[in-house]
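Reader: Can you walk me through how to read a fold like this one? I'd like the general idea each time, then the case at hand.

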Amino acid sequence: MLENTYTIWKEEEYSYAGAFGFVPNIHTYIHEDEQIRPCVLVVPGGGYRIVSPTEGGIVAKRFYEAGYQAIVLTYITDLINVAPLKRQPLNDISRAVRYIRKNADVFKVNTDRMVAVGFSAGAHLTGSLAVHWQDVEDTNPEYKNISNKLQGVILSYPVITSGEKAHRDSFDTLCGKDASEEELTYFSLEKQVTDQTPPVFLWQTVTDEDVPVENSMLMASALQKAGVPFEYHLFPKGPHGLSLSNEEWATGKLGKLYTMQQIVKITDAIKNDLLPVPEEAKKQLLTMFGSLDTMAENSSGIPMDPSTTAVKEVSVWPELAITWLEESVFEKQ
C-alpha cells in the first residue's frame with residue numbers, strides 16, 4: 001500500500017481566517033500494482049469543527065481492501081468560531097475531486113468511476129457537492145476545465161436539512177448564526193436535489209441521538225421525487241458516529257491522526273498566545289487537544305469512551321454500499 005499526503009491548494013490560493021497555516025490536503029491509500037481502479041474519496045465528519053479520525057483511515061482501508069484506490073480528504077473546519085466557513089469546505093471537496101482527476105496517472109484512478117463517502121457533517125459536505133457541483137467554479141486554469149461531478153455518493157448518518165430537524169451546530173459553524181434564509185436554503189440539501197444529482201446510497205440508525213433520523217428520510221424523499229437512483233438503509237438501533245461499527249473502530253485503532261492537522265495548528269497558536277482565547281477555554285482546549293502535535297503523525301490509536309461498542313447489524317453497511325456501487329452505479333455506465 002502506498003500512503004502519501006498531497007496538498008490540494010497552493011499556499012497563495014488559500015486565505016481562510018481560521019486556517020492558521022493549515023492547507024487542506026488528501027491522504028492516499030494506493031495499490032502498488034499498476035492497475036487502474038475506481039476511487040473512493042472519504043470525507044470524515046466532525047460538525048464542521050474538526051475532521052474526525054474515527055471516519056478517516058480505517059474507512060479508506062476498508063474500501064482499499066475491496067479493490068478501490070482510497071483517499072481521505074482533510075478539509076477546512078472551525079473549532080473555535082473564528083469565522084463562518086461559508087462555501088470554503090465545498091470549494092475544498094470540489095478541488096479535491098479535480099486534483100485527483102488531474103493526477104489520475106499518479107493515483108492509478110479510473111476518472112469515470114469516482115465516488116465519495118461522507119459521514120455526518122462530512123456527509124453534508126459530500127451531499128453539497130452532489131447537488132451543487134455545477135455551481136463550484138475553480139479559478140485556477142489548471143483545474144477549471146476538469147469535472148468535479150462524482151459518479152455516486154454514500155451518505156452515512158448525514159446532516160441534510162437546515163429546517164426543523166437540523167443539526168443546528170453544524171449549520172451555525174458553516175453559515176454563521178446570523179445566516180440568511182437564502183443561504184440556509186442553499187445548504188438544505190433536500191431542497192436542492194435535481195435530476196443532475198448523482199446516485200446516492202444513504203444509511204442511518206433510527207436512534208441517532210445527534211442528527212435526527214428525519215435528515216436521511218428527507219433526502220430519500222427528495223431523491224425519489226427527482227427521479228435520482230438511490231438505496232436507503234435504516235438500521236433500528238445504534239448511536240451517532242458509528243463509522244465502520246466494528247471492533248477496530250470501537251477500540252480506537254485508527255492509524256495516523258493526520259486529519260487533525262488543523263487542530264494542531266490551532267493549539268500551537270493558543271500555546272504561543274497568538275490567538276486570543278479566554279483562559280478557561282484555553283485550558284479546556286489544551287487539555288483536549290494539547291498532545292496532538294506528538295500524536296498526529298505517529299499514533300496507532302486514540303482513547304475511546306469505555307461505553308463505545310460496535311453494532312453488528314450496522315457493520316454490514318460497507319458490503320451493502322460496495323455491492324450497490326458495483327451493481328447499480330458502475331454497471332449502468
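**Sheet and helices**

Author: Let's start with a helix on the sheet: helix H7 (residues 214-226) lies across S6, strand S7 (200-205) and S8, running at about 155° to S8. Angles run from 0 to 180 degrees between N-to-C directions, with axes fitted to C-alpha atoms, for helices over the stretch in contact; contact means heavy atoms within 4.5 Å. Helices (H or I, at least four residues) and strands (E, at least two) are DSSP runs, numbered from the N terminus. This is a predicted model, where local features need pLDDT of at least 70, side-chain atom pairs count only at pLDDT 80 or more, and totals for chains, interfaces and linings use all residues. Residues are numbered from 1 along each chain as its sequence is written, and side-chain values use heavy atoms, leaving out hydrogens and water.

Reader: In what order do the 8 strands sit in the open sheet?

Author: Strands of a sheet pair through backbone hydrogen bonds, either parallel or antiparallel. Here the order is S1-S2-S4-S3-S5-S6-S7-S8, with mixed pairing (two strands pair if DSSP finds at least two bridges between them). S1 (2-7) and S8 (230-235) are the edges, each with a single partner strand, so one side of each lacks a neighbour in the sheet.

Reader: How many bridges join S3 to S5?

Author: 6, and these two strands run parallel. Cys39 stands opposite Met114 in S5.

Reader: Is H9 mostly covered or mostly open?

Author: Covered: 8 of the 11 residues in H9 (261-271) are buried, meaning under 20% relative accessible area with a 1.4 Å probe, protein chains only. Among them are Ile263, Ile266 and Ile270.

Notes:
Buried means under 20% relative accessible area, exposed over 50%, partly exposed in between (1.4 Å probe, protein chains only).
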